[in-house]
Amino acid sequence: MPGQRIIALPLTTLRVAQRSGFPIPFVYYHLQTTAPPTSGEDAKQPGILKRVTEKAASTWASFGKAPEGNWRLRTFRYGERIMDRIDFEELALKSFDPAMGPRITKVINGESSEEKKRDEKITLFHPTEFGAPLGHLKSLLEKRTPLHRRGFYTWLGIAPLTAPFMIVPIIPNLPFFFSAWRSWSHYRAWKSSEHIEELLEHDLIETQPSKELDAIYESTQSEGTDASVLLSAAKVPDVVSLFGLPETASADLLRALEQVKLRLKGGSEK
């Protein structure tokens, strides 16, 4: 299993982004952390958060298998459309688990705290021509951290306002669950963004150009596809296969490509 790593996939050049009013190019970052091995009872007992997350995912998947015309299936389809509208940057950030990444040595009054820094760093893989990935990542996080902090508190405040929907029989309080989910999503993205900023500050992310990625990007350009984007949808399976990414990564990357095209067409910064 791969350890902690980040895969940077440029989707546009700086020139193309600036032409549509965006200050930095669009880049999709696949953020991956792997839990350290456990033993004994800890290995047998999953954490509460993991159990809740798995239960929610299972429940949501069952909605997609409901009969045609059922409210669960309609809710599932509507939810999937909402997912397509959520910033791909948020979806990527909230998938990163800060607890699994390198820890930061904090110095208080000249002495290190009990939390010690791990020896390993996170490797950021990128195409060779993407010459300054750490600078781009820092600029992106400076924007995303306050955005997700505001989003967390905003949706947290909206959730109690959905209480009147609880009087509707049979159908669950979907507005409340949606508000709670959006608040949780923003919280995860906020904390992940803050943590990655700390990793950058402590020089715990190292870059590594990938010749294999270079080949994928070169083949995209030779196909003569959409000139506004650097990576074609047809090459997404190649990226997923190259790094052994989970199946969900394919959908996330395709979603990012579609969002970038829409943003370039709209010509206004998000």
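Okay, quick one today: when I say contact, I mean heavy atoms within 4.5 Å. By that rule, take the contacts in this chain between residues at least 6 apart in sequence: 71% of them join residues at least 24 apart.

Some housekeeping. This is a predicted model, where local features need pLDDT of at least 70 and side-chain atom pairs count only at pLDDT 80 or more, while totals for chains, interfaces and linings use all residues. Residues are numbered from 1 along each chain as its sequence is written, and side-chain values use heavy atoms, with hydrogens and water left out.

So, the layout. We've got 10 helices and six strands; those are DSSP runs, helices being H or I with at least four residues and strands E with at least two, numbered from the N terminus. Of the 270 residues, 39% are buried, meaning under 20% relative accessible area with a 1.4 Å probe, protein chains only.

Now the inside. A nonpolar core here is a set of buried Ala, Val, Leu, Ile, Met, Phe, Trp, Tyr and Cys residues joined through side-chain atoms within 4.5 Å. The largest one has 27 residues, and Leu9, Leu11 and Leu253 touch the most other members. Strand S1 (5-10), helix H1 (14-19), H8, helix H9 (236-243) and helix H10 (247-266) each give two or more residues, with H10 supplying the largest share, six.

What does Leu253 touch, leaving out residues up to four places away in sequence? That would be Leu9, Leu11, Tyr28, Leu231, Val236 and Val239.

There's also a second, separate core of 19 residues, including Ala8, Leu124, Ala189 and Ile205.

Key:
Buried < 20%, exposed > 50% of the residue type's maximum accessible area, 1.4 Å probe, protein only.
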